[in-house]
Amino acid sequence: MTGWSSRLVAGLHQTWRRSLQVRVVTITLVASSLLVGGFAYLIADKITSILVENAKTDVLLRLQSGSDYSAKQLSLFNQPQEAQFQDTIDGTVNYLAGGDPQQTSGVVVALTADNYTTVIKPRSSPDVDFQPLISRELRASVAGGNIAHQIRTGGLTGEGRTKYLVYGSPVPTQFGQVELYYLVPLTRQEATAADARATVVATGVALVLLLGLLAALVTRLVVTPVRLAARTAQRLSAGLLDQRMAVNGEDDLALLAASFNQMATNLQRQILRLEEMSRLQRRFTSDVSHELRTPLTTVRMAADLIFAERDEFDPAVARSAELLQAELDRFEELLTDLLEISRFDAGFAMLDAEPTDLVPVVHRVADRLAGLAERVGVTVELDVPTTPVIAEVDPRRVERVLRNLVGNAVEHGESKPVVITLGADDTAVAVTVRDHGVGLKPGEEKLVFNRFWRADPSRARQTGGTGLGLSISLEDARLHGGWLEAWGAPGQGAQFRLTLPARAGDRLTTSPLRLVPADAPLPFGGPRDGGRLAIGPGSGGALAIGPATGADPERAEARS
């Protein structure tokens, strides 16, 4: 199949799938064509049968009359050798043919005598070679005393082949039997049948086209409001909440449009209400966070004073001072995260991108969390290039993302090593954080970036985090136009991958590092190609979250 025909077939297939009107009209045309074609065939066949039966009846009547006349004429002779016998046969044939040997009606009358071929010569009027049109079976049947007929095709007048109705009848005489044949051309009947077939076919074609046009018009009356509803729904989904359908008349389609408009109005009202509630909630969170700054500062000053003098207190009071200091630290961190989240929600977060070497950023994060890692018995291993890795990023936000990822890995590392890997190519940079802890159950990789979500609420926290770290990290990645992805499997640990464009504003298509770690067991024995593994029981899964207008991380992961 050539490229042109392939495109044509693909275009027709796409049109068939997308257009309800095309499907309805096509099905109507096919069904009506089959139905009308069947009726046309039956009608044409019936007309042809009637014409042939009429011709048979007419020829049979003439044959019976001609047989009686021939018997009277030939009954005067006792032997075929008598004088004037042959002249009588010629006169009889000419009379039965209409009295004119040169008649042009096309009917051929013939007399033969199979038992006296040496004495009686076959005669016909007009004088033509009619023998080829009389088959052996017909001749035998008539010679046996039966009236028989056949439809034969042949040429008698040299003007081409013609279909003939051949009737034969025995003629009794005193010396024996002769045979009388009528050869009647069916030209007129065939012409009439052809005209009838042409009329039926033309009527059928016109009827099919009329049915197709009617189906197209009726379908258009139904499809047009549906298309308008689809376009209006698309505009509503795009945020144009004031779009409505035109209501014309009082029929079912008008009721559909009115119901759609009522639904759109209620939807707009609910969305505006939710937007207002969200705005008030964000404002409340921001206001509360800001307002808590002042009393928190006062409480912090008092707590610092008490914490500095804790050695002079009773041990129980000293322990209370330490707990107060730790909870104030966490409370202050929570306020900072809430303010950051409120800025993201309000759309006020700004990216301060500049060319940054990510190698010292990774080292700095590892150094800052070295104390925590040592405290929980986790070793942090670095796999970074010896040469600088430059990218246009906001170093503060990138460091915060890595701090959250590494801190989360250390917390869930189960005293096993945590590996931080930095990679880059011409278009992107990536950092993966791999731990070998409890891992993630199937489906949990879709939840780790939710606010305040914890895989095990009963698990003791070592870092006293706020539950907003990964959510803020996800927003930071999106602000860069990058991806933050997670992979995990029960008992196999987890790996997070941060991918950022090397130049600010570029669109990501691939990642320098793959999401599924090389030491992860292969599910179902499949090949390891660096792509995303399927989520299934016992195999973990992968979640790719990127910017709303960026490249598809699923497709990019398959190429990475």
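The structure is a predicted model, in which local features need a pLDDT of at least 70 and side-chain atom pairs count only at pLDDT 80 or more, while totals for chains, interfaces and linings use all residues. Residues are numbered from 1 along each chain as its sequence is written, and side-chain values use heavy atoms, with hydrogens and water left out.

The mean pLDDT of the protein (the predictor's confidence in each residue, from 0 to 100) is 78, and 83% of the residues reach 70 or more. The pLDDT is below 50 over residues 524-560, a stretch that has 96 contacts in the model beyond near neighbours in sequence (contact meaning heavy atoms within 4.5 Å). Residues 458-464 likewise stay under 50, and for them the model has 15 contacts beyond four places in sequence.

Helix α2 (residues 20-74) packs with helix α3 (residues 85-96) at an angle of about 155 degrees, their axes lying 10 Å apart; axes are lines fitted to C-alpha atoms, for helices over the stretch in contact, and angles run from 0 to 180 degrees between N-to-C directions. This makes α2 roughly antiparallel to α3, where angles under 35 degrees count as roughly parallel, over 145 as roughly antiparallel, 65 to 115 as roughly perpendicular and the rest as oblique. The crossing of α2 and α3 is right-handed, that is, the near helix is turned clockwise from the far one by less than a right angle. The contact involves Arg 62, Gly 66, Tyr 69, Ser 70, Gln 73 and Leu 74 of α2, together with Phe 85, Thr 88, Ile 89, Thr 92, Tyr 95 and Leu 96 of α3. These residues divide into 6 nonpolar, 5 polar and 1 charged, with Ala, Val, Leu, Ile, Met, Phe, Trp, Tyr, Cys and Pro counted as nonpolar, Asp, Glu, Lys and Arg as charged, and the others, Gly among them, as polar.

Helix α2 also packs with helix α5 (residues 187-237), at about 160 degrees and with axes 8 Å apart, and the two are therefore roughly antiparallel. Their crossing is right-handed, and the contact has 20 nonpolar, 10 polar and 3 charged residues. By contrast, the axes of helix α1 (residues 3-18) and α2 come within 5 Å and cross at roughly 100 degrees, which makes α1 roughly perpendicular to α2. Here Thr 15, Trp 16, Arg 17 and Arg 18 of α1 meet Leu 20, Val 22, Arg 23, Thr 26 and Ile 27 of α2.

An open antiparallel sheet is formed by 5 strands in the order β2-β1-β5-β4-β3, with pairing taken to require at least two DSSP bridges between two strands. Strands β1 (residues 108-112) and β5 (residues 177-185) pair in the antiparallel sense over 5 bridges, and Val 109 has Tyr 182 in β5 as its bridge partner. Helix α3 packs on this sheet, touching β1, β2 and β5, and its direction makes about 30 degrees with that of β2.

Conventions
Helix = DSSP H or I, 4+ residues; strand = E, 2+ residues; numbered from the N terminus.
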